[in-house]
Amino acid sequence: MNQYDVAVIGSGSANIVLDAALEQGLKCAMIERGRFGGTCLTRGCIPTKVMVTAADYIREIEGLPKIGVEVAPARMNWETVSRRVWQKIYESNDILTYYQAKKNVDIYQGTGYFTGEKVLQVALNDGTLSEEFTADKIFIAVGSRTNIPFIDGLEEAGYLMSESLFGDKYPQTPYKSLIILGGGPIGTEFAHVFAAAGAKVTLVQRNTRLLIKEDEEISAQILKDLHGIGIDVLLNHIPTAVRVENGEKILTISHKITGETCEVRAEEILLASGIHPNTDRLRLDNTSIVTDNRGWIRTNEFLETNVEGVWAFGDVNGEAPFRHKANYEAEIVAHNLFGGHPLQDWRWARYDLVPVVTFTYPQVAHVGLTEQQAVQSGYEILTAKHHYSSTAKGFALGFEPGDDHDGFVKIVVDKKTNTILGIHSIGPQASILLQPFINLMNAGETTLTPINEPIASKAVKQLRASRMTRYLDPHSVKSIGETMTPHPSLSEVIMWVRYYLEGKQ
Ligand SMILES: Cc1cc2nc3c(=O)[nH]c(=O)nc-3n(C[C@H](O)[C@H](O)[C@H](O)COP(=O)(O)OP(=O)(O)OC[C@H]3O[C@@H](n4cnc5c(N)ncnc54)[C@H](O)[C@@H]3O)c2cc1C
Ligand SMILES: NC(=O)c1ccc[n+]([C@@H]2O[C@H](COP(=O)([O-])OP(=O)(O)OC[C@H]3O[C@@H](n4cnc5c(N)ncnc54)[C@H](O)[C@@H]3O)[C@@H](O)[C@H]2O)c1
């Protein structure tokens, strides 16, 4: 049986670990069933933000007359936007070429799965099976994919999801009308894109509010803002059936409380109803790797699974499905296992300060606890809110006091200590406004907090017993590198500056 030092399954954030292993001259296997680069590059963050940025400008231009700039109506040139979207997606070919040129890595293009505790095999995309192989260290970073809810008639009627939208169902022209199921980040971002492209968008959300991971005041504001750009949002509704009539998809929805039903219709239906882990294809039942009851792999603060020599990171561990969080974890793994650092310099993951940015219109961003979470956690809190209109630049941008669509920043503070517990913002460039708080809240001393305590290799037991602490110096450029920067926000320009600086040392 072929024996590698390292095997990675997935080619998204896993590439960070693979690169570090290759740097050490280790013999590696890379397994990828789809496009190289993973979800973010080929069907997630990056192509969506190319679209979102065009949509943002359309809305900004529409608002210009109120500050004294007269312009002709803006229109999305779908052909140009699409060319730029696919230019990024095709960068996946460069990633494959990059690894093909490396000596020490065997590339398996197909679906990898376990045939034993640490034994892998690949159902290759050409229809053949690879030999079984094993590796000292196996890294699972297989990500997640769209949840398909059961709705009577949905399969027959057909539907769209991010995977097929950035695949064989990419629309040659934007839809005239679109129903979106789900009011999370994916649903609200695509609603903004297609509304700005001219579609009549109806967003059906099962929950009582949009963006349920946000503070309640933010959810209420984004609801007003999406209505303001012409998006119909139906909260508290469950889709029950679909049928096709005269080329239109007609969706029956039922109110969760009253049970009242009504119909909405559109040219296409886009599913944005959450995600599930790609562990169903891994045949984990041939191993003792433990998952929760939804299939997310359990990992500890060092990204170990319960099987010695197998790590999991990125979406697949269910901690927080964001690209910057996946990179943060991959960098921790690369640092600890391939960075040549002694145990006492190992890094660990914390998830209480994962920044969240939704690039809808306007942007929504937060880090830390919402007001509701802080109260539930037993803090006595103070909150304060400041509107864009009450600052010079906000007024200059066109916000007036009392404006229904005024943006704001809300801060949640521990009354006893004045410690910032959470920052929440909605408005132009909210993602950038957030960044100083992310760095500030991460700075200082942190003590290791075990996650999934029963998962513990010998090294981890030793580190936990030593009550390990780590100091992030607010003056050090290294602290930027160990703190998350929301992807893909403009703050990444400064984040990469630190990277090149470190590279020069
Ligand atoms: C529409 C959309 C927009 C998003 N926008 C943002 C955003 O703006 N900001 C943000 O931070 N996050 C965003 N995300 C989330 C982000 O894309 C993910 O959190 C991130 O890509 C996860 O990285 P990963 O390395 O865990 O997995 P992935 O990047 O998904 O990589 C996993 C890879 O493993 C492959 N694979 C799966 N199973 C197997 C197998 N058995 N064998 C071989 N290969 C396998 C897959 O093909 C995939 O390429 C978005 C997601 C979507 C869908
Ligand atoms: N800007 C970003 O960082 C960004 C952008 C897109 C996606 N993502 C990541 O991808 C993940 C998936 O995004 P998502 O928006 O699909 O998931 P989500 O779980 O965040 O939101 C899905 C929403 O759909 C609703 N829903 C579920 N089933 C439904 C149904 N049948 N009909 C109507 N509504 C239904 C849920 O109530 C929920 O509010 C997110 O958790 C996010 O972390 C991040």
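This is a predicted model: local features need pLDDT of at least 70, side-chain atom pairs count only at pLDDT 80 or more; totals for chains, interfaces and linings use all residues.
## Reading the model

Helices (H or I, at least four residues) and strands (E, at least two) are DSSP runs, numbered from the N terminus.

Residues are numbered from 1 along each chain as its sequence is written, and chains are lettered from A and ligands numbered from 1 in the order in which they are written.

## Three domains

Let's start with the overall layout. The protein chain is split into domain 1 (2-48 + 80-146 + 276-345), domain 2 (162-273) and domain 3 (355-448 + 473-503); these bounds come from an automatic or database domain assignment.

The centres of domain 1 and domain 3, taken over C-alpha atoms, are 30 Å apart. Eight residues from domain 1 and six residues from domain 3 make up their contact, where two residues are in contact if their C-beta atoms, placed from the backbone, lie within 7 Å. On the side of domain 1 that touches domain 3, helix H3 (45-63) and helix H10 (323-338) each supply at least two residues, and H10 gives the most, with four residues. That side of domain 1 has four nonpolar, one polar and three charged residues. Here Ala, Val, Leu, Ile, Met, Phe, Trp, Tyr, Cys and Pro count as nonpolar, Asp, Glu, Lys and Arg as charged, and the others, Gly among them, as polar.

## Around the ligands

Now for the two ligands. Ligand 1 is surrounded by 38 residues, and the closest are Gly10, Gly12, Gly38, Gly143 and Gly314; a residue is near a molecule if its C-beta atom, placed from the backbone, lies within 6 Å of it. Strand E2 (28-32), helix H2 (38-43), H3, strand E3 (105-116) and H10 each supply at least two residues of this shell. By class, the shell around ligand 1 holds 15 nonpolar, 17 polar and six charged residues.

Where does ligand 2 lie? Its shell takes residues from both domain 2 (162-273) and domain 3 (355-448 + 473-503), so ligand 2 lies between them. Of the 24 residues around ligand 2, Gly182, Gly184, Pro185, Ser273 and Gly274 come nearest. H8 provides the largest share of the shell, four residues. The classes here are 13 nonpolar, nine polar and two charged residues.

## A five-stranded sheet

Five strands build an open antiparallel sheet in the order E17-E18-E21-E20-E19; two strands pair if DSSP finds at least two bridges between them. E17 and strand E19 (381-387) are at the edges with a single partner strand each, so one side of each is left without a neighbour in the sheet.

E19 pairs with strand E20 (residues 408-414) in the antiparallel sense over seven bridges, and His386 stands opposite Val409 in E20. Helix H13 (residues 430-442) lies across E17, strand E18 (364-368), E20 and strand E21 (420-426), running at about 5° to E18. For this angle, axes are lines fitted to C-alpha atoms, for helices over the stretch in contact, and angles run from 0 to 180 degrees between N-to-C directions.
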